[in-house]
Amino acid sequence: MFRSQKTLQSKREMFFKTDGGSGGGGSGGGGGGTPLAAPTTAPPAPPVTAPSTAPPPPPANTTGPASTPASVASIKEQLLTTKERKEHKDEENKENKLVKELVKERRPREVDGYVGFANLPNQVYRKAVKRGFEFSLMVVGESGLGKSTLINSMFLSDIYSNDHPGPSHRVKKTVQVETTKVLLKENGVNLMLTVVDTPGFGDAVDNSDCWQPITDYVETKYEEYLNCESRVNRTQISDSRVHCCLYFIAPSGHGLKPLDVEFMRRLHDKVNIIPVIAKADTLTPDECQHLKKQVLNEIAQHKIKIYEFPDEEGDAAGSKMKQRVPFAVVGSNTTVEVEGKKVRGRKYPWGIVEVENIEHCDFIPLRNMMIRTHMQDLKDVTNNVHYENYRCRKLAGVGGADGKIKVSNKNPLAQMEEEKKEHTNRMKKMETEMEQVFEMKVKEKMSKLTELEADLQKRNESMRKKLEADLSELDEERERFEHERKAWEAANGITVEELRRKSLESISRETSSLASSSTTSGGSQKSSPKFSRTYSLPRHKFKQNEQCNQQ
Amino acid sequence: MPQAGPGVSPVEGVTYVGIDTLQEQTRLKALRRGYTFNLLVVGRSGLGKSTFVNTLFKATVARRKSGEEEPLPSTTEVKTVSSSLSEGGVRLNLTITDTPGFGDHINNENCWEPIVSYIEAQYGRYLQEEQKVDRLLHIPDTRIHCCVYFIPPTGHSLSSLDVEVLQRLDKIVNVVPVVAKADTLTLEERAAFKERIRADLSDHAIKVYPLQEYEDLDDAPENMKIRERLPFAVVGSTTWHEIHGKKLLGRRSNWGLVEVENKSHNDFAYMRDMLIRTHMQDLIGSTAERHYENFRRARLSTKTTSKVNIVNGQDTDHMEDLNESKI
């Protein structure tokens, strides 16, 4: 198997090598044959690597200068044996793809004399330096873990100084996202550093969804970039996406807290997360090792993808540094004197912790890897992996076709299915909620109505009682009155009927006298009310008569 | 020799009465019976509570998390470990109550509930015993005498969770706040942090032990000194190191050795002196006299009125218990 592979490769090299002018994408294809696994995971390796992997040409090399594609194909057929045809087919497909991309690639040839394109890197460098670099760093963690201090130590300047105090000095009620932009200059290179801070994270009693503002911020930045990219008139796009997120873990000695796990799980596919153990001078070296192992275990257990510093061959120091992940750091705003030198550190009664001493903490590895060696890589991964993921999700979600072929976890169909399921779940939930609310309202209304009913009944009762009382009173009075009348009649020996007759007679006498003397106005006035009065109120007259009689 | 009090003439003939042997008698009796001390430690996980307690009593008395982590309980649990220590013939029945799961979750609302109800349950149990017709002469005392509250050394101020819990605890138990893992902070940071915590405590009217209002005049200057030092910034350790031929308890790092007993390094010695050597009896006494009496008053006055005031969710249960126990 191995031998056949080797022969295959050598044969491939053989015929690709002779391609002086064929557009066969030769060495690119040959080089691409072997490290085919690599390009899909690492950032697209520049074509420079391809020729380096091509072994030196084999001695027997005489398939003439047949350079047309047709003859190439025939030679290919000749070279293949039946067994290898199948594997070769797969590789061929991949090769074809690479071929399309690396069309003009050929095996490099040394030039005689000096042309001058060796100056290209310098030109690129100068242009980049003129333009300046941008880097956006986010720090997340509970308050009091030394985030601001670490930023100051890392960039050797007081980004958070006493003039505009950092978020730690201000009391926050809700999680907020604050950005601070600083322009740093070093040796003529400009770096526009944006520090994104998250005060209030994890500080409240109830910390559910405290990662939401942060997630929203990250996605907003991606969206802005996407919009800039999709515009018709594109100018220089300013890259304000978050390139790196330092997550501060409290040095409790017990590993990750549930909040840590939740946060990292939600953001690991959106941004590069570098976990960092804060205030590492709390821990003895043993405890530190133990905690690091613990953290790594838990990260693996929860399948969190943190940013992995890529290995570079020939960098033994780098790989050693890589083993110190997660970095246990100490930051300091103050300088202390150690053996005559002024260093950044913390002074305790029992000793001095130096920030930049690799024996004391992992600050140096973190700074070197983040700034000196891998800053560009961080930006690339953000651009190529996280941003592309976001773009995929955004555009597939909208329903439009995605232009780029991207290795993503789900295909759009599965995503749509999930969305549908989610939607129905949500509908069901809303339904049950509404039913509950409805039932509650019904109950309330019922209780209110019963109350009113009881109220009304009570009032009804009381009114009825009152009426009955009044009625009985009136009855009593009437009885009394009857008694009196009877008594009076008995006393005076005359009945009401007779009195009435008599009064009527007197009235008729009066009216006749009135008719005769109609000119007397005063008398008429006086008498008509009297007249009406007697008709309407016989009792009144009766009383008057009573009084007269008594007199 | 009996002392001559005012208005009492010294007895002629110097006959020794022997009143001063009372002290000795009480001591002997106490020795036989032994003392009981119940300590409650409250704080988030990883602050060194168990280590601190082990350091305090120089023995493994606390429930210690082993190398493999136990799963985090979903609500705050209350776990007790009892042990019997003896020193110089004096026996101490020590019970350490721990609260795993406190403040460790994303949503920490009401994480103090189990603690508060545990403390009140202990008072309730004592009350029940006391009210029995046929009661024991020496009621087993499970009431919490002292609660040590661990504050994480952020360097800023009390967190909102701390404030909430302290406000609830200081009314029912003696609370001693302590800054955990004090080796995180330099001396200046420590002083500033303590200032801020003291300011926060007074802002929120949280009364910590030693209480100003109830102390005797003799204790006042001492308590004043203690109060200036509050909250204690402690470091705990149970590992011995050898330095210059001396054995010391401490934590060793690459840059130095933090000594636990060194007063210039941290306040552990002060804390230990207060808790054990000078104020232990006061803690036990004040729990019995003040906090327990408050509880008893509240409980019995609600019982006499026909309505049941729900002070906390446990009231109705206790009512039933009390009624049942009345034989």
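A salt bridge is counted where a side-chain nitrogen of Lys or Arg lies within 4 Å of a carboxyl oxygen of Asp or Glu. The model under discussion is predicted. By this rule, A:Glu262 and A:Arg266 are joined by a salt bridge, with an N to O distance of 2.9 Å. Both residues belong to helix α10 of chain A, and because they are four residues apart, about one helical turn separates them. An α-helix has 3.6 residues a turn, so residues three or four places apart point the same way. Within this pair, A:Glu262 is buried, at a relative accessible area of 15%, whereas A:Arg266 is partly exposed, at 36%.

A further pair lies in helix α15 (residues 412-492) of chain A, where A:Arg464 and A:Glu461 are three residues apart and hence separated by about one helical turn. The closest N and O atoms of this salt bridge are 3.6 Å apart. A:Arg464 is partly exposed, with 42% relative accessibility, and A:Glu461 is also partly exposed, with 37%.

## Salt bridges between distant parts, and a network

A:Arg393 and A:Glu219 form a salt bridge at 3.7 Å, N to O. This pair connects distant parts of the chain: A:Arg393 is in helix α14 (residues 375-398) and A:Glu219 in helix α9 (residues 212-230) of chain A, 174 residues apart. A:Arg393 counts as partly exposed at 34% relative accessibility, and A:Glu219 counts as partly exposed at 23%.

Over all chains, the whole structure contains 29 salt bridges. In chain B, the residues B:Glu261, B:Arg272, B:Asp273 and B:Arg277 are joined into one network by salt bridges that share partners.

## The interface of chains A and B

At the interface, 36 residues of chain A contact 37 residues of chain B. The two chains bury about 3,100 Å² between them, and 56% of this lies on carbon and sulfur atoms. Of the area that chain A buries against chain B, 26% comes from A:Val205, A:His254 and A:Trp350, more than any other three residues supply.

Two salt bridges cross the interface of chain A and chain B. A:Glu287 is paired with B:Arg251 in a salt bridge whose closest N and O atoms are 2.8 Å apart. There are also 15 residue pairs in polar contact between the two chains. On the side of chain A that touches chain B, at least two residues each come from α10 (258-267), α11 (285-301), β8 (341-348) and β9 (351-354). The largest share, four residues, is supplied by α11(A). By type, this side of chain A consists of 14 nonpolar, 13 polar and nine charged residues.

## Overall build of chain A

Chain A contains 18 helices and nine strands. Of its 551 residues, 34% are buried. Among contacts in chain A with a separation of 6 or more, 68% are between residues 24 or more positions apart. Chain A exposes about 35,700 Å², with 54% of it supplied by carbon and sulfur atoms.

## An enclosed helix in chain B

Helix α2 (residues 49-57) of chain B is largely enclosed by the rest of the structure, because nine of its nine residues are buried. Among them are B:Phe52, B:Val53, B:Leu56 and B:Phe57, together with B:Lys49. B:Lys58 follows α2(B) and has a positive phi, near 50 degrees.

Methods. Residues numbered from 1 in each chain as written. Chains lettered and ligands numbered in written order. Predicted model: local features only at pLDDT ≥ 70, side-chain atom pairs only at ≥ 80, totals over all residues. Heavy atoms only, no water. Contact = heavy atoms within 4.5 Å. Buried area = accessible area lost by both parts, 1.4 Å probe. Polar contact = N/O pair within 3.5 Å; in protein donor to acceptor, adjacent residues only side chain to side chain. Nonpolar A, V, L, I, M, F, W, Y, C, P; charged D, E, K, R; others polar. Buried < 20%, exposed > 50% of the residue type's maximum accessible area, 1.4 Å probe, protein only. Areas by Shrake-Rupley, 256 points an atom, 1.4 Å probe, with all protein chains shown as cover.
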